[in-house]
Amino acid sequence: MAQNLIPISFTINGEKTTHNVKPSLLLIELLRDQLKLKGTKPGCLEGECGACTVLLDGTAINSCMYLAINVAGKTITTIEGLSTPQKPLDLVQEKMLEHGAVQCGFCTSGVVLATKAFSDANKTKGKIPTRLEVKKSLEGHLCRCTGYVKIVDAATDVY
Ligand code: FES
Ligand code: FES
């Protein structure tokens with residue numbers, strides 16, 4: 001049975017927008033298929049790999065497990081939203097490159113955004129996390145290439 005389209009307004013990478021969505025549409029589908037933001041990667045599509053991570057009001061979430069309709073009134077940041085003309089790379093991205101923590105790149109958007117959310121929250125509290133805490137913050141992000149050590153090195157070096 002055809003589903004009714006429902007208009008939702010939200011902010012994506014700093015811009016307010018309104019889109020018509022089916023109630024069953026996933027956030028990852030809204031981002032990749034309707035908004036053409038392909039930096040958000042579809043991996044497992046069942047909440048296990050972290051490749052589809054985006055920030056929702058500053059908190060890292062799996063966009064494959066979130067209904068698009070629930071972003072009404074909220075703010076989403078995808079990997080594309082970390083770039084500005086003045087500063088094409090966020091500090092987290094610079095550290096990922098510096099530490100050689102990017103290989104095929106499939107996991108990278110999710111890792112960068114999760115690290116960004118964790119480091120922003122820590123910096124707000126004036127806290128420098130331990131390496132173990134950094135590792136725990138990246139649980140749920142699978143990487144087939146790097147062996148994780150360089151990713152953790154980079155995520156530890158943003159403080
Ligand atoms: S694609 Fe969403 S967690 Fe794997
Ligand atoms: S760099 Fe290839 S999956 Fe992480």
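Strand β1 (residues 6–12) and β2 run antiparallel and are joined by seven bridges; strands here are DSSP runs of E with at least two residues, helices are runs of H or I with at least four, and both are numbered from the N terminus. Within this pair, Ile-6 stands opposite Val-21 of β2. The model is a predicted one, in which local features need pLDDT of at least 70 and side-chain atom pairs count only at pLDDT 80 or more, while totals for chains, interfaces and linings use all residues. Residues are numbered from 1 along each chain as its sequence is written, and chains are lettered from A and ligands numbered from 1 in the order in which they are written.

Let's step back to the whole sheet. Five strands form an open sheet with mixed pairing, in the order β2-β1-β5-β3-β4, where two strands pair if DSSP finds at least two bridges between them. The edges belong to β2 (15–21) and β4, each with a single partner strand, so one side of each lacks a neighbour in the sheet. On average, neighbouring strands are turned by 40° against each other, direction ignored; axes are lines fitted to C-alpha atoms, for helices over the stretch in contact, and angles run from 0 to 180 degrees between N-to-C directions. Helix α3 (residues 108–125) packs on this sheet, touching β3 and β4, and its direction makes about 30° with that of β3.

Now for the domains. An automatic or database assignment divides the chain into domain 1 (6–81) and domain 2 (91–156). Contacts, meaning C-beta atoms placed from the backbone that lie within 7 Å, link 14 residues of domain 1 with 12 residues of domain 2. On the domain 1 side, β3 (53–56) and β4 (59–62) are the elements giving two or more residues, and β3 provides the largest share, three residues.

Notes. Two residues are in contact if their C-beta atoms, placed from the backbone, lie within 7 Å.
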